[in-house]
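Biologist: I am new to this structure and would like to learn how to read its features. Please take me through them one at a time.

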Amino acid sequence: MNWWHRLLRRKTMEDQLEKELRFHLEQHTAQLIANGLDPAEARRRARLGLGGPEQVKEECRDARGTRWLEDFWQDLRYAMRTMRKQAGFAAMAVLTLALGIGATTAMFTVINGVLLRPLPYPDPNRLVAVHGHTDTWNAEVYGEQNLSYLDFLDFQRLSRSLDLAGFSFNPTTVSDPGEPEYVDRREISSNLFSVLGIPLLQGRSFLPEEDQPGATPVVILSYSYWQRRFAGDGKTIGKSLVMDQHRYTIVGIAPAGFRTLGEEGDVFTPIGQNTQTYMRVRRSHPVLVEARLRPASTLAQVRAELELIGLHLAEQYRDTNAGRSFVVDPLRPNVRSVRSTLWLLLGAVSLVLLIACANLASLLLARAISRGRELGMRVALGASRGRLVRQCLTESAVLGLAGGVLGILLAAIAFRPFVAFWPGALPRAEEVHLDWRVLVFGLAVSFLCGFLFGLAPAIRAPFRNVDAILRSGSRTVVGGSRQLHRGFVISEIAIAIVLLVAAGMLGRTLLRLTALDTGIDMHNVFAARMALSPSVLEKPEQIRAAWKEVLDRGRSVPGVRAIAMVDTVPMREGNNQIGYWPSADVPPEDKQPLALAASVSPDYLRVMGIALRSGRFFDDHDRQGSAPVIVIDEVLAQEAFGRQDVVGKKLWIESLVGGFPNAGAAPSSSFEIVGVVGHVRQWGLAGDDQARVRAQFYYPFAQLPDGFTRRWSELMSIVVRTDVEPSSVESSLHRELRGSTGDQVIYEVHTMENLVQDSLAPQRFLLLLFGIFAGLALLLASIGIYGVLAYLTNQRVPEIGVRVAMGASRHQVMWLVLRHSLGMVLLGVGVGSVAALAAARVLQRTVEGVQFAPLSAFAVTIPVLVFAALLASFLPALRASRIDPVTALRQE
Amino acid sequence: MTTKSDLPQGTLDLLILKVVALGPVHGYAIAQRLEQVSQHVVQVPQGSLYPALHRLENRGILAAEWEETDTGREAKFYRLTKKGRAQLETEAADWQRLTEAIGLILKISNGDAP
């Protein structure tokens with residue numbers, strides 16, 4: 001029989017114990033009677049011999065070794081009984097807790113999915129990423145450096161410790177079947193799926209011989225593209241797609257949720273079939289490399305090996321690889337953008353939970369003290385201190401667990417809207433769901449809470465001076481607990497202040513940012529990415545002609561006032577940071593200051609409504625062969641020259657001339673400044689002031705060297721100013737820009753107004769959440785203050801009765817209670833303000849656009865809190881003032 | 001009746017095991033047997049007999065079953081388990097060694113070399 005059985009069969013065991021002892025007594029009595037004693041005396045002797053039957057039973061129960069469990073069981077039933085008796089209290093406690101734990105667990109569910117879960121590949125610990133590294137490369141600005149395709153092939157061939165797979169982005173247009181459509185194409189090495197350990201859903205992966213120049217065109221579809229374009233048709237394998245004027249046979253379908261760099265993409269083609277120049281030189285680095293450690297090789301070995309191969313390459317290809325080394329890191333999801341925000345939110349929501357705990361602790365404490373006599377009685381009857389503490393903790397653990405279970409259920413519902421409302425796309429959102437880690441977290445939090453708010457009553461459980469407690473009414477022992485109660489109220493207020501100030505700062509930030517000038521006239525302007533027909537991409541003249549036609553045709557669409565092209569649309573993802581120098585003695589690249597470069601057509605300034613400060617913007621005379629010109633913004637003018645009248649001066653911008661292959665021999669890298677324009681908030685309303693690189697310059701697309709035109713065209717967008725509602729022009733513009741082959745597409749259409757709104761979405765989202773948290777905190781703290789004051793005032797009824805009897809007026813009595821409350825509130829505000837200063841720093845560091853200005857936030861929020869606190873204390877104060885001295889004194 | 005001695009610490013278990021080793025027996029009989037065999041020298045504290053029995057049962061040294069006595073009443077009969085038999089042997093041997101050692105020490109008269 002194990003302990004579990006024993007616990008379940010407790011009743012049987014008790015019966016048997018009783019029976020066994022009775023048998024003993026009867027035998028002994030019978031024996032004694034046989035020895036000649038009279039029956040009464042015999043019974044007495046027998047009982048004496050055994051000792052007190054209850055005591056023996058108690059010792060036997062102890063001997064069973066399941067004592068703690070039985071006690072626990074008893075405590076549990078006791079706790080349930082008390083909760084049933086005080087259903088209102090229990091319901092409120094459980095609900096408060098459920099809210100706190102639910103919100104915390106929901107936050108943790110998101111953190112677990114986004115930050116903690118390993119990548120969804122088999123054996124993810126053996127996967128690594130390989131990056132290039134040069135001393136002049138600033139990874140914080142540009143992100144990690146990728147590899148050139150040729151370097152990648154060499155690593156793949158030479159490495160003994162790694163299986164390397166690579167992929168690169170090469171979006172294109174699918175022109176058949178169906179309407180021409182832009183697709184997010186990823187070119188992958190044939191082994192990508194096998195290296196990651198992901199089997200295809202249907203069909204097969206690419207063969208090594210297909211991963212070669214000139215091999216038969218084959219394509220693998222992503223699951224979502226297959227669903228979208230082929231409606232998940234089971235007979236898709238063997239059909240074909242037309243991209244870049246080639247017909248690709250579909251050989252496989254990737255499983256649902258297969259992602260490279262966090263996105264599903266649309267189609268995959270073999271990387272070896274791309275024969276464009278940038279794939280055949282070591283100078284450009286388009287390939288992202290993910291690799292799996294071979295069995296028995298370690299990260300240290302891999303690093304050593306890659307270093308060796310890197311040195312070897314640097315020696316062999318001095319002009320491209322000198323100074324280039326290779327870095328191997330464990331493969332991790334890229335979630336840097338949201339990490340601090342998520343932890344910040346978890347911190348905020350834990351504060352709400354802490355207030356809830358403090359509330360419950362003070363309620364339980366009040367209850368425990370009113371039960372002082374009962375507990376004192378139990379101590380007098382022999383209950384040990386540990387036993388009482390355990391009972392108190394069991395009660396609060398039951399509350400905690402009930403709240404926790406409800407909270408986890410709440411979290412299971414709440415995390416979905418949270419993920420859905422996340423501004424932009426939450427990385428790894430697909431990984432966010434309940435799992436065992438979330439359950440363990442939720443349960444651990446609820447037990448911890450139960451322990452936290454059970455501790456105070458447990459410690460306060462009477463164990464000394466029991467006689468004093470029993471002799472007196474419960475009222476006289478309150479003194480010590482008053483300090484604890486005050487402590488709870490003060491900490492609740494302090495925490496509420498932190499959340500209120502944070503919300504206040506965010507609100508102020510949002511107000512300030514919304515009022516900022518973007519530098520653009522956003523009304524009736526929209527931006528869209530555009531892909532030219534693949535048929536024109538081969539020749540630079542054709543590309544230029546195609547763009548000219550796009551602009552001409554676009555201009556003719558009714559409702560369009562002006563149309564222009566630009567590679568980097570302000571406030572949208574994507575930018576081009578380029579080094580410049582104001583004189584001919586240009587230092588090495590890493591010493592040059594950076595500016596944001598935008599390649600535009602002449603009407604850009606008109607479309608965007610950017611202010612021209614001096615000089616001119618581009619016109620049709622700025623083209624191939626004419627003097628290279630740029631227009632800079634006022635920030636760049638200030639940074640480069642320290643003044644604004646700089647028209648006619650020159651800037652040296654080397655990477656705009658020689659950075660790319662086939663750029664041709666540019667005679668000079670100097671550009672004449674022909675105009676100065678107003679600053680545009682490229683990084684959005686929130687980010688721009690703090691951005692490292694703010695200076696901007698514009699250069700004409702028409703003057704772009706031949707070698708750039710194709711790559712630039714692939715990144716190009718159009719911006720359109722309309723006379724009417726932008727959406728009404730969209731479809732006719734769409735039709736008009738199809739091109740002669742009918743396969744030109746525009747996609748990702750956004751109005752500039754939306755882009756500006758979206759650039760504030762993170763701040764708005766955080767303000768909403770912090771507003772909710774702060775509101776909850778305020779509510780909980782008010783309830784807490786009310787509860788504690790009501791309780792303490794109630795304890796002071798006789799005292800107040802005496803005061804009234806001695807002639808205190810109602811106002812004096814009210815003031816007595818309010819003063820008490822005000823004391824706690826002010827102390828809480830003091831402590832909270834210090835903590836809020838620290839929180840404000842954290843917020844400033846975590847959230848873009850927040851300025852460290854807590855004073856104004858204090859000025860707004862502290863009166864709100866003090867008012868709420870006084871409101872909460874008013875009712876107890878009023879009740880105190882109505883105390884009738886006669887009844888009060890009789891009560892004692 | 002001679003003077004009665006209290007049991008040395010820890011010996012009650014050993015005595016119980018020894019008595020139970022003779023065959024299944026109920027609690028009252030164990031108490032009786034212990035007093036008789038020790039010729040009433042050993043005072044068996046009946047109050048601690050039952051907790052000891054329950055503890056030994058709990059540790060798997062004794063097993064118990066409800067059976068009828070000769071007089072047709074139901075009683076809880078204890079018997080040794082396999083583990084209990086081993087326990088008895090080691091404890092008995094330990095006790096033997098201890099008493100011998102104590103006997104030797106007591107034999108030393110003042111000034112004698114051991």
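Biologist: In which sense do strand β18 and β21(A) of chain A pair, and over how many bridges?

Modeller: Two strands pair if DSSP finds at least two bridges between them. Strand β18 (residues 629-633) of chain A and β21(A) are antiparallel, with 2 bridges. One bridge partner of I632(A) is F697(A) in β21(A). The element names come from DSSP: helices are runs of H or I of at least four residues, strands are runs of E of at least two, and both are numbered from the N terminus. Before going on, note that this is a predicted model, in which local features need pLDDT of at least 70, side-chain atom pairs count only at pLDDT 80 or more, and totals for chains, interfaces and linings use all residues. Residues are numbered from 1 along each chain as its sequence is written, while chains are lettered from A and ligands numbered from 1 in the order in which they are written.

Biologist: Which way does strand β16 of chain A run relative to β21(A)?

Modeller: Strand β16 (residues 594-600) of chain A runs parallel to β21(A), and 5 bridges join them. Within this pairing, A598(A) has Y698(A) of β21(A) as its bridge partner.

Biologist: Why is β21(A) described as largely enclosed?

Modeller: The idea rests on counting neighbours: a residue is buried if 20 or more other C-beta atoms lie within 10 Å of its own, exposed if 12 or fewer, and partly exposed in between, with C-beta atoms placed from the backbone. In strand β21 (residues 696-700) of chain A, 5 of the 5 residues are buried, so the strand is largely enclosed by the rest of the structure. Both of its faces are covered, with Q696(A), Y698(A) and P700(A) buried on one side and F697(A) and Y699(A) on the other.

Biologist: Is F108(A) buried or exposed?

Modeller: F108(A) counts as buried because it has 22 C-beta neighbours inside 10 Å. This residue is in helix α6 (residues 87-116) of chain A. For contacts, the rule is that the C-beta atoms of two residues, placed from the backbone, lie within 7 Å. Apart from its neighbours within four places in sequence, F108(A) contacts L346(A), V438(A) and F441(A).

Biologist: And is R890(A) buried or exposed?

Modeller: R890(A), in helix α31 (residues 885-891) of chain A, counts as exposed because 10 C-beta neighbours lie inside 10 Å.

Biologist: What should I look for in the backbone angles?

Modeller: Most residues other than glycine have a negative phi, and most peptide bonds are trans. D244(A) is not a glycine, yet its phi is positive, about 50°. D244(A) sits in the loop between β8 (240-243) and β9 (246-253) of chain A, and it is buried, with 20 C-beta neighbours inside 10 Å. L261(A), also not a glycine, has a positive phi of about 55°. L261(A) belongs to the loop between β9 and β10 (267-270) of chain A and is partly exposed, having 13 other C-beta atoms within 10 Å.

Biologist: Which residues does a cis peptide bond join?

Modeller: D176(A) and P177(A) are joined by a cis peptide bond, with omega about 0°. P177(A) is in the loop between β3 (172-176) and β4 (181-183) of chain A.

Biologist: How many residues does each chain bring to the contact between chain A and chain B?

Modeller: Chain A brings 17 residues and chain B brings 12. On the side of chain A that touches chain B, α2 (10-34), α3 (39-50) and α4 (53-64) each supply at least two residues.

Biologist: What is the mean pLDDT of chain A?

Modeller: pLDDT is the predictor's confidence in each residue, from 0 to 100. Chain A has a mean of 86, and 94% of its residues reach 70 or more. Over residues 474-478 of chain A the pLDDT is below 50, and this stretch has 10 contacts beyond near neighbours in sequence. Chain B averages 81, with 85% of the residues scoring at least 70. The model as a whole scores ipTM 0.84 and pTM 0.74.
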